[in-house]
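Please look over the sequence and the model below before reading on.

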Amino acid sequence: MKCGVGCMYIKICGITKLDQARAIAQMGADALGFICVPSSPRYISTNTIGQIIFSLTKSQSEQFVDLDLIGVFLNTSTAEICHAMESSGLNAVQLHGDESPEFCDRLRSQLDLINPQIKLIKALRVKDRAGLERAKLYSDIVDVVLLDAYDPQIAGGTGKAIDWQMLRDFCPNCDWWLAGGLSPENVAEAIALTSPQGLDVSSGVELSAGDKDLDRVKRFITSVKEYS
Ligand SMILES: O=C(O)c1ccccc1NCC(=O)[C@H](O)[C@H](O)COP(=O)(O)O
């Protein structure tokens, strides 16, 4: 897995604009996340994702060639996900709903037919230790387990944090990334307490849903770099 800044993988999620995607990639982010969930205020259509990816990658510049372009899906069928992957140029899938390990296994087989390099990430919204144990059930099936905060109403991009103390000894069989309520102000403490391989941030670096604050993105990446 690629490590951009001091070997800590950084994903900036909720991208909706080409100029912001380009600027964030140039700052050294490893991944851009696109929310393919129609009910989200950060929703972006597959068509628009395709246009952004085409514009980013046509230059063949180094920052864009290695970039992970992650589609975030919520309880979407394998057929729809595969269609979105084939039509947009996305190279990674993040499942943010109630997808079972069996669903992930089935999707993996179907993605392999498109391109075995497509990365599969399972996000789990953790509210207690039982949620953490559940996360481990996926670790032999997916490439990355992503831990996000639980909210009864909102599926993601909540700005809420998990109880980081609970994650001190979390060590699945695959890489894991921390999400939920991260910001330039708290990310160093989050890394110190939880030691993940990657970080995922959305609302903590936004002006409003889907509109990134480039200054805060820069400060987030710099904080990670200074800590790592
Ligand atoms: O961001 C959304 O609107 C969203 C909607 C539905 C499912 C997932 C969603 N976001 C997923 C992400 O990967 C976010 O980056 C993650 O939840 C962290 O968000 P935040 O707490 O705002 O940093």
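**Around the ligand**

In this predicted model, a backbone N or O atom of Gly-181 is placed 2.9 Å from an oxygen atom of the ligand. Gly-157 also takes part through its backbone, where a polar atom lies 2.9 Å from a ligand oxygen, whereas Asp-200 uses its side chain, an N or O atom of which is 2.9 Å from an oxygen atom of the ligand. Taken on its own, the ligand has 530 Å² of accessible area, and the protein covers 98% of it.

The place that holds the ligand is the largest pocket. Two elements each give two or more residues to the shell around the ligand, namely strand S1 (9-13) and strand S8 (198-201). In total 21 residues surround the ligand, and Ser-40, Arg-42, Asp-148, Asp-200 and Ser-203 are the closest of them. Sorted by class, this shell consists of 11 polar, six nonpolar and four charged residues.

**Two loops with a positive phi**

In the loop between strand S3 (68-73) and helix H4 (78-88) lies Asn-75, whose phi is positive, near 50°, although Asn-75 is a residue other than glycine. Is Asn-75 buried, partly exposed or exposed? With a relative accessible area of 47%, Asn-75 is partly exposed, because that value falls between the limits of 20% and 50%.

The loop between helix H7 (187-194) and S8 contains Ser-195, which is not a glycine and yet has a positive phi of about 50°.

Technical notes:
Residues are numbered from 1 along each chain as its sequence is written. This is a predicted model: local features need pLDDT of at least 70, side-chain atom pairs count only at pLDDT 80 or more; totals for chains, interfaces and linings use all residues. Side-chain values use heavy atoms; hydrogens and water are left out. A residue is near a molecule or strand if one of its heavy atoms lies within 4 Å of it. A polar contact is a pair of N or O atoms within 3.5 Å; within protein, one must be able to donate a hydrogen and the other to accept it, and residues adjacent in sequence count only if both atoms are side-chain atoms. Accessible areas come from the Shrake-Rupley method with a 1.4 Å probe; for residues, only the protein chains shown count as cover. On a 1 Å grid over the protein atoms alone, a cavity is a set of points where a 1.4 Å probe fits but cannot get out, and a pocket is an open set with protein on both sides within 12 Å along at least five of seven lines; lining residues have an atom within 4 Å of a point. A molecule sits in a cavity or pocket if more than half of its atoms lie within 2 Å of its grid points. Helices (H or I, at least four residues) and strands (E, at least two) are DSSP runs, numbered from the N terminus. Ala, Val, Leu, Ile, Met, Phe, Trp, Tyr, Cys and Pro count as nonpolar, Asp, Glu, Lys and Arg as charged, and the others, Gly among them, as polar. Buried means under 20% relative accessible area, exposed over 50%, partly exposed in between (1.4 Å probe, protein chains only).
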